[in-house]
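Colleague: Before I set anything up, I would like to go through this protein with you, one question at a time. Could you show me the sequence and the coordinates to begin with?

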Amino acid sequence: MPLPASSEVPDRSTALASPLVPYGWDDGWQDAFRPWAARGLVPGRVIRVDRGQCDVVTPDGTVRADTAFVVPRDPMKVICTGDWAALDPEGGSPRYVRDHLPRRTALVRSGSSKRSDAQVLAANIDRAAIAVSLAAELDLARIERFTALAWESGAEPVVVLTKADLVPDPATLGHLLSDVGRTVPGVTVLAVSSADGTGLERLAALAGSGTTVLLGQSGAGKSTLANTLIGREAMEVRAVRDMDGKGRHTTTTRNLLTLPGGGVLIDTPGLRGVGLWDAGTGVDRVFAEIEEYARRCRFQDCAHHSEPGCAVLTAVDGGELPARRLESYRKLQRENQRIVAKTDARLRQEIRREWRIRGAEARAAADAKRGRLR
């Protein structure tokens, strides 16, 4: 695809002819890129970010680019894997990413429990495949947490129970699938095995269009699954520790790879902690049945603790709603409310700091003007 001159804006019809189509390029991105194309910049998708530089696939191939011009103070705007970037045309050394296009979706977690910073894990994703190993006891609360983040991102969550070959009894595997299905209502749940091929055909069909990000703890089998879907050893794999079954963080960066049958896959490092980031809508979707019960409560602002006429507590007492489920809902709601409060406080501080800076600049300008008039 030739680089357009500054006065030349590509037609919509050229989008489908672009070498970037296998990476998700479409007419929508083509239209969005017009302002940067008019400046002579080149489009590309970020496939890896590492130490202030990133690998970007462009119409002319994959290039290494510096991110010095896209390091904002707001961590939500930091360039990440999956972004569509505008970078210098061929010839610069180094080449720089000058900007990135507005994101359609973004998977965001809280960067630290002690701060209100966010971390964007992947951008412009269509689905989030949450890998959960069947080699260990299922942690339903963790599955709920991951799914809430996925829903909040704007992507479609899919729970992938890996290492299904370790559960040879079909009845037991069926019960596990049912347990997870009840935990995340409305979400597709698959049991897969990279060892014997169980469920891989269905997962490949799901991932065969758009962009899928693989999430989960270390040792969940994400990299093995990625290699299986890609059809080659693209990601390093190590065995889990025998003593506790935990992984060893073989993946240290987020890597974007194309799948042979179509679609794009982003493999991510294992996540020990997954903090919520303004994920109220995602939490509500994971606990949709609690939200439904809550609409029948006597009081509109019912907290579902000890209020009279609470339909949620009635459902727990009657065995319709597991007590574990309600406690998990309360925990995620409290956590999300704390991070929202921290974010609001930080925003107020930034506004006050901006006012102070502008006030100081105005006073300095006034003093300088008075000095000139003397």
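Modeller: What follows is a set of questions and answers on this model, which is predicted.

Colleague: In the open sheet of six strands, which strands stand at the edges?

Modeller: The order of the strands in this open sheet is 10-9-8-11-13-12, and the pairing is mixed. An edge strand has a single partner strand, so one side of it is left without a neighbour in the sheet, and this holds for strand 10 (188-191) and strand 12.

Colleague: Which residue of strand 10 is the bridge partner of V160?

Modeller: Strand 9 and strand 10 run parallel and are joined by four bridges. In the case of V160, the partner in strand 10 is L190.

Colleague: What angle does the direction of helix 6 make with that of strand 13?

Modeller: Within the sheet, neighbouring strands are turned against each other by 25 degrees on average, with direction ignored. Helix 6 packs on this sheet and touches strand 8, strand 9, strand 11, strand 12 and strand 13, and the angle between its direction and that of strand 13 is about 160 degrees.

Colleague: Which residue with a positive phi follows helix 6?

Modeller: Most residues other than glycine have a negative phi. The residue that follows helix 6 has a positive phi, near 90 degrees, and is itself a glycine, G231.

Colleague: Is N124, with its positive phi, buried or exposed?

Modeller: N124 is a residue other than glycine, and its phi is near 60 degrees. Its place is the loop between strand 7 (118-123) and strand 8 (127-133). Because the relative accessibility of N124 is 6%, and the cut-off for this class is under 20%, N124 counts as buried.

Colleague: In which loop does H304 lie?

Modeller: H304 is not a glycine, yet its phi is positive, at about 65 degrees. With a relative accessibility of 7%, H304 counts as buried. As for its place in the chain, H304 belongs to the loop between helix 8 (288-294) and helix 9 (311-317).

Colleague: Which residue in strand 5 stands opposite L87?

Modeller: Strand 5 (residues 95-100) pairs with strand 3 (residues 61-66) in the parallel sense over two bridges, and there D66 stands opposite Y96. With strand 4 (residues 84-87), strand 5 pairs in the antiparallel sense over three bridges. The residue of strand 5 opposite L87 is V97.

Colleague: With which residues is S328 in contact, leaving aside its neighbours within four places in sequence?

Modeller: S328 is part of helix 10 (residues 323-373). At 9% relative accessibility, S328 counts as buried. Beyond those sequence neighbours, the contacts of S328 are with A141, E144 and F287.

How values were computed. Residues are numbered from 1 along each chain as its sequence is written. This is a predicted model: local features need pLDDT of at least 70, side-chain atom pairs count only at pLDDT 80 or more; totals for chains, interfaces and linings use all residues. Side-chain values use heavy atoms; hydrogens and water are left out. Buried means under 20% relative accessible area, exposed over 50%, partly exposed in between (1.4 Å probe, protein chains only). Contact means heavy atoms within 4.5 Å. Two strands pair if DSSP finds at least two bridges between them. Axes are lines fitted to C-alpha atoms, for helices over the stretch in contact, and angles run from 0 to 180 degrees between N-to-C directions.
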